[in-house]
Amino acid sequence: MRKSHPVRRAVLATAATVSGIVLLLSLKPASDPGSADAAGGAPPAAESVQGGARPIGDGTVTGEAAQTQYGAVQVRLTVSGGKITKAEAVQAPKGGQSDQVTSNAVPQLNQAAVQAQGADIDAVSGATYTSAGYKESLQSALDKARASAPADTGDGAGGDAGGGDAAQARTVTGEAAQTQYGPVQVRITVSGGKITNAEAVQAPKGGQSDQVTSNAVPQLNQAAVQAGTADIDAVSGATYTSAGYKESLQSALDKAGG
């Protein structure tokens, strides 16, 4: 039998080596560190507000109260030019040790919300529950602010000259209404001729009034937005607060031009 020629064996070995090199080169880009850097992109810290399909509308908006183990936390935002310019807690845990925790944590959380321009903020050490409630209410406020933003601000060619003014959000605060348990004052945001947000900037507080207010005010706020007028039903168990709310709401509507 004839033996394999040495030249033929060399040619076959060379071909196998070339094939192996080509295969390795085709696999290399998967581990290229440049690909990982590109995938990382820019940090999404500000995307909670400025990113996504819809910006936040200007004005003042209050998130839903978030219940925590030590009490409710509720956040109010002031937005101008599509950015958060101010954040504040209109409700926070109080009484006993909670007073000290709140006085330390809330200013830090307010500052963090403005800096982050969103609800992606770190919890304050020693105030885990308050921080969690703050972030929850902050996100609720952001959601409301987005809902009040004009749906389309980019197409000005097809609309009439007055369309932009009609969609511009305005914030109006009614006169404070005095009740047996304290003043009630309502602030509304109006856009496109409709109430897009309502909130009580003053409400009875202290003792049993805290519980009545925390229960009644969110319902009254929601009713005002749904009705679009001051013709809303009183909340059961909060007759005086409801009456004061309606009076101040009507005042705000009068200031806004009805």
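The following legends describe views of a predicted model. Local features need a pLDDT of at least 70 and side-chain atom pairs count only at pLDDT 80 or more, while totals for chains, interfaces and linings use all residues. Residues are numbered from 1 along each chain as its sequence is written, and side-chain values use heavy atoms, with hydrogens and water left out.

**View 1. The protein as a whole.** The protein contains 7 helices and 8 strands (DSSP runs numbered from the N terminus: helices are H or I of at least four residues, strands are E of at least two). Of its 258 residues, 35% are buried (under 20% relative accessible area, with a 1.4 Å probe and protein chains only).

**View 2. R76 in strand 3.** R76 lies in strand 3, which covers residues 71–80. R76 has a relative accessible area of 8% and is therefore buried. The side chains of R76 and E199 form a polar contact at 3.1 Å (a pair of N or O atoms within 3.5 Å; within protein, one must be able to donate a hydrogen and the other to accept it, and residues adjacent in sequence count only if both atoms are side-chain atoms). Beyond its neighbours within four places in sequence, R76 is in contact with residues including T60, K86, R187 and V201 (contact means heavy atoms within 4.5 Å).

**View 3. Q117 between two helices.** Q117 occupies the loop between helix 3 (97–116) and helix 4 (128–148). The phi of Q117, a residue other than glycine, is positive, near 55°. Most residues other than glycine have a negative phi. With a relative accessible area of 11%, Q117 is buried.

Terms used
Buried < 20%, exposed > 50% of the residue type's maximum accessible area, 1.4 Å probe, protein only.
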